[in-house]
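Student: I've just opened this one and would like a walk through it. Can we take it step by step?

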Amino acid sequence: MGAGGVLGAAHVGVGHALEQHGFRPDVVIGTSVGALNGAIAAAHPDRAAPWLEHVRTQLRRRGVYQLGFPASRAGIVTDRGLRRLIARAGLPTRVEELAVPFTAVAMDRVTGAPALLDRGDLTTALLKSAAIPGLLPPVTRQGRTLVDGGVIAYVPVRAALRAGAASVVVVAAAGPESSPLPATLPSRRAGAAASRAGLLLMHRQIERDLAEVSRRLPTVVLPTGTDVWPAPRGFRHSRRLVEAASATAGRFLDDLRVSGPGLYRAEDDPTAATAAGYDAAASARTRRAPRSTPARASL
């Protein structure tokens with residue numbers, strides 16, 4: 001489950017579509033907001049979408065990113081709001097107590113190496129994975145200072161490969177991992193130029209990781225039906241994101257048939273499930289999978 005901040009609401013809609021198609025994860029791996037949503041999915045694997053929706057409907061920007069408290073030099077806002085959100089999510093105390101094996105991905109702020117958090121205190125693991133550099137304070141534990149894993153693993157498919165996954169389902173937020181990169185040139189203003197540069201860097205990272213993993217494993221990227229990027233501000237778009245993702249991912253799954261390693265994603269038409277794989281079997285338009293044998297893969 002990928003990063004994406006407030007656009008993580010799309011995870012809820014994709015979750016509804018997956019559950020309607022009989023999907024239950026064997027392993028859940030998440031980055032940033034995908035770690036929080038992923039922990040909820042791992043705690044309630046057979047009814048994750050209703051739990052996610054319950055938590056998401058309570059979100060308000062001022063409740064999560066609290067400016068009312070004195071901020072430390074390590075972050076503009078404190079993590080008190082995020083801690084309260086985690087406490088309301090109905091999660092166990094430790095990672096090992098989740099119903100499905102779970103890993104949160106963070107980054108070592110000193111070395112830039114990924115940190116795969118698959119045991120220990122769950123709240124601490126989620127805070128580490130979601131510590132957006134400069135916005136939220138980093139978390140120091142056992143001599144390591146960790147920050148948001150989205151910096152190096154916006155979509156944590158390489159962590160899934162390392163965990164031994166036989167196939168991967170990418171539950172994306174609305175953004176560059178679930179839709180083609182817009183070809184339009186931004187304005188010449190400094191902010192637009194910086195935003196475009198950041199988007200290109202992120203897109204390169206995502207495409208590199210997807211290509212590497214899909215050479216070895218069937219890798220399904222579920223579309224969300226939203227191409228808004230950068231992220232909308234605040235949480236007022238959540239309902240629209242949920243509904244769009246549920247409908248678009250559902251149509252994609254209706255036509256999906258996986259035939260060996262490859263990258264299965266909706267390229268131009270979000271209603272058409274296509275396979276851009278590395279062999280002939282994965283290069284044709286996908287077909288509907290038998291309902292009697294629902295896909296099981298690492299989420």
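Predicted model: local features only at pLDDT ≥ 70, side-chain atom pairs only at ≥ 80, totals over all residues.

Student: How do the axes of α2 and α6 run relative to each other: roughly parallel or roughly antiparallel?

Tutor: The two axes come within 7 Å and cross at roughly 150°. Angles over 145 degrees fall in one class, so α2 and α6 are roughly antiparallel.

Student: Which residues in α6 does α2 meet?

Tutor: Start on the α2 side, where Ala 35, Leu 36 and Ala 39 make the contact. The residues of this contact divide into five nonpolar, one polar and no charged. On the α6 side, the partners are Leu 122, Leu 126 and Ser 129.

Student: How many residues of helix α2 are buried?

Tutor: Helix α2 covers residues 33-43 and is mostly covered. Among its buried residues are Val 33, Gly 34, Asn 37 and Ile 40.

Student: What about the residue Ser 32: is it buried or exposed?

Tutor: Ser 32 is found in the loop between β1 and α2. Its relative accessibility is 8%, and under 20% is the cut-off, so Ser 32 counts as buried.

Student: Which other helix meets α6, with Leu 82 taking part in the contact?

Tutor: Leu 82, Arg 83 and Ile 86 meet Thr 123, Leu 126 and Leu 127 in α6. The residues of this contact divide into four nonpolar, one polar and one charged. Leu 82, Arg 83 and Ile 86 belong to α5.

Student: At what angle do the axes of α5 and α6 cross?

Tutor: Helix α5 takes up residues 80-87 and helix α6 residues 122-129. Their axes come within 11 Å and cross at roughly 130°. That makes α5 oblique to α6. This crossing is right-handed, and the angle you asked for is roughly 130°.

Student: Is Arg 83 buried or partly exposed?

Tutor: Arg 83 is in helix α5, and leaving out residues up to four places away in sequence, it touches Thr 123 and Leu 127. Its relative accessibility is 43%, so Arg 83 counts as partly exposed.

Student: How far apart in space are Arg 83 and Thr 124?

Tutor: In sequence, Arg 83 and Thr 124 are 41 residues apart. From C-alpha to C-alpha, the distance is 9.1 Å.

Student: Where is Glu 19, and what is its relative accessibility?

Tutor: Glu 19 sits in helix α1, residues 10-20. Beyond neighbours within four places in sequence, it is in contact with residues including Pro 45, Asp 46 and Ala 48. Glu 19 counts as partly exposed, because its relative accessibility is 26%.

Student: Stepping back, what share of the contacts with a separation of 6 or more comes from residues 24 or more positions apart?

Tutor: The chain has nine helices and nine strands. Of its 299 residues, 53% count as buried. The share of contacts from residues 24 or more positions apart is 72%.

Student: Which element has the lowest mean pLDDT?

Tutor: The mean pLDDT of the chain is 78, and 73% of its residues reach 70 or more. Over residues 268-299 the pLDDT is below 50, though this stretch has 91 contacts in the model beyond near neighbours in sequence. Strand β1 has the highest mean among the elements, 96. The lowest, 40, belongs to strand β9.

Conventions. Residues numbered from 1 in each chain as written. Heavy atoms only, no water. Axes fitted to C-alpha atoms, helices over the stretch in contact; angles between N-to-C directions. Helix = DSSP H or I, 4+ residues; strand = E, 2+ residues; numbered from the N terminus. Parallel < 35°, antiparallel > 145°, perpendicular 65-115°, else oblique. Left-handed = near helix turned anticlockwise from the far one by under 90°. Contact = heavy atoms within 4.5 Å. Nonpolar A, V, L, I, M, F, W, Y, C, P; charged D, E, K, R; others polar. pLDDT = per-residue confidence, 0-100. Buried < 20%, exposed > 50% of the residue type's maximum accessible area, 1.4 Å probe, protein only.
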